[in-house]
Amino acid sequence: MAQIALADLPAATRWTNWVGNQSFTPAYTAAPRDEEEVVALVRAAAEHGMGVRVAAAGHSFTPVVETGGLVLDLSALRGVVATDPARKRASALPGTLIRDFYEPLWDAGLALRNQGDIDTQQIAGAISTATHGSGTRYTSLSGVVRGVRLVTATGAIREISDDEPDLLHAAQVAVGMLGVMTRLDLDVTDAYRLREQVGLRPWDDVMANWDELVAEHRHFGFFWLPTEESGALYNLEGDGERLADQCYVKVYDEVGPDVPDDATEGRRVDRCYRIFPMVYDPNFHELEYFVPLDRGPDALQAMRELMLRSLPDSIYPLEVRTVGPEEAFLSPQYGTATTVISVSGAPGTDYWGYLRSVDALLAEFDARVHWGKLHFLTRERLHDLYPRADEFIAIRRELDPDGMFLNDHLRSLFW
């Protein structure tokens, strides 16, 4: 087994996330080339009583990476390493980008069951924070994890599978607190194609047809535009139509082989992985809360009223999606389908008062949080909202009794 001395590592440089709202300088950074080097680095950090965090693609808005200790960059541990069409499984290394799954899976007649609209995230980071797409028939990416290979705080390697369901459900959404992932096994599905339908609909129309839109489509989501200027912030265009108080609705459904490909914007037909992604300018910071699906319409009506009162702090579009229930202990969808409410603001703008108003409003709807996005969760609310938080914390303490994989942000909730 390789041995690594931390003092031999190059001087650490300042780390900044993709939108620039999180920045810090750790004591050390390292980019291991394989699992053996991950083990050696974790053991070296343990010998010095030093904290360890993993930096993935940096798409989180929260300080989940920040540490005064060692930051690991796993981008060299990248690639889909196995596909199993019979079992509908795929295995990948932690630094694999979501877009790296596309061709290897498709060549095997497979595809990811679901995904979000950003595909440059590393799979381990996306899973650790319960990154999701849309549709109540589908979980987040975390919900399809069926196995994890983990380097724990002692440098031991722990194989976790559905033979140990509680441990697996803790590992599915762990925000890096159980150890360093070095391999993941995912449920996938048969390759499929999607038809896109995109267009503007009035707010009242979308709310009146909410149940139908949620139930009848594979994916349904929308951006509500509070002002005429809102659409341009996310490159949403209306072809000359009025934008204020309109919903930019996106609906995706599967199509069969008899439906030809179509490259027409707004009604494309193509392989699923060519339909899902959107391109965002990193010009926003985001809070994302999840309320039980059946309380979604009431929460959205309340959010619309708050946003209209809060302009111009609330000029960014309100994004709305749904996600199906899953079993991960820290998942926002634990035991229930959810309505996802995403609230954004401009970098460099003091809109914390508005975000705290959003937090207070959505707390009335028992909102859970996205671990990679801005939130105001307290330890008390954690235990009120996540029924198995105590079990997660017990597993975390068993695997990492000294809190090597915690940082200040996470310690206040999970110590």
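Over how many bridges do strand E7 and E11 pair, and in which sense? Select residues 89–92, which make up strand E7, together with E11, strand 180–187, and you will find that the two pair in the antiparallel sense over 4 bridges. Here strands are DSSP runs (E, at least two residues) and helices are DSSP runs too (H or I, at least four), numbered from the N terminus, while two strands count as paired if DSSP finds at least two bridges between them.

Before going further, note that this is a predicted model, in which local features need pLDDT of at least 70 and side-chain atom pairs count only at pLDDT 80 or more, whereas totals for chains, interfaces and linings use all residues. Residues are numbered from 1 along each chain as its sequence is written, and side-chain values use heavy atoms, with hydrogens and water left out.

**Around E11**

Stay with E11 and pick out Asp-187, which is the bridge partner of Arg-89. E11 is mostly covered, with 6 of its 8 residues buried, where buried means under 20% relative accessible area, exposed means over 50%, and partly exposed lies in between (1.4 Å probe, protein chains only).

Next, select Val-175 in the loop between helix H4 (165–172) and E11. Val-175 has a positive phi of about 50 degrees although it is not a glycine, and it is buried, with a relative accessible area of 3%. Most residues other than glycine have a negative phi, and most peptide bonds are trans.

Is Asn-235 buried or partly exposed? Asn-235 is partly exposed, with a relative accessible area of 46%.

Now move to Leu-311 and Pro-312, which are joined by a cis peptide bond with omega of about 5 degrees. Pro-312 belongs to the loop between H9 and strand E18 (318–323).

**The antiparallel sheet and its helices**

Select the open sheet of 8 strands, which has the order E16-E13-E15-E14-E18-E19-E17-E20 and antiparallel pairing. Its edge strands are E16 (269–271) and E20 (368–369), each of which pairs on one side only. Within this sheet, E18 and E19 (residues 338–345) pair over 5 bridges in the antiparallel sense, and Glu-319 stands opposite Ser-342 of E19.

Axes are lines fitted to C-alpha atoms, for helices over the stretch in contact (heavy atoms within 4.5 Å), and angles run from 0 to 180 degrees between N-to-C directions. The buried residues of H9 include Gly-296, Leu-300, Met-303 and Arg-304. Helix H10 (residues 352–363) lies across E17 and E19, running at about 10 degrees to E17.

**Helix H12**

Select residues 389–399, helix H12, whose buried residues are Ala-389, Phe-392, Ile-393, Ile-395, Arg-396 and Leu-399. Seen down the axis of H12, these buried residues fall within an arc of 160 degrees, so they line one face of the helix; the arc is that of the directions from the helix axis to the C-beta atoms. The face turned away from this buried side carries the exposed residues Asp-390 and Glu-398.

**The parallel sheet and a buried serine**

Finally, select the open sheet of 3 strands in the order E3-E5-E4, where the pairing is parallel. The edge strands are E3 (28–30) and E4 (52–55), each pairing on one side only, and neighbouring strands of this sheet are turned by 25 degrees against each other on average, direction ignored. E3 is joined to E5 (residues 70–73) by 3 bridges, and Tyr-28 has Leu-70 as its bridge partner in E5.

In the loop between E4 and E5, look for Ser-60, which is buried, with a relative accessible area of 16%. Not counting residues up to four places away in sequence, Ser-60 touches Asn-17, Thr-129 and Gly-372.
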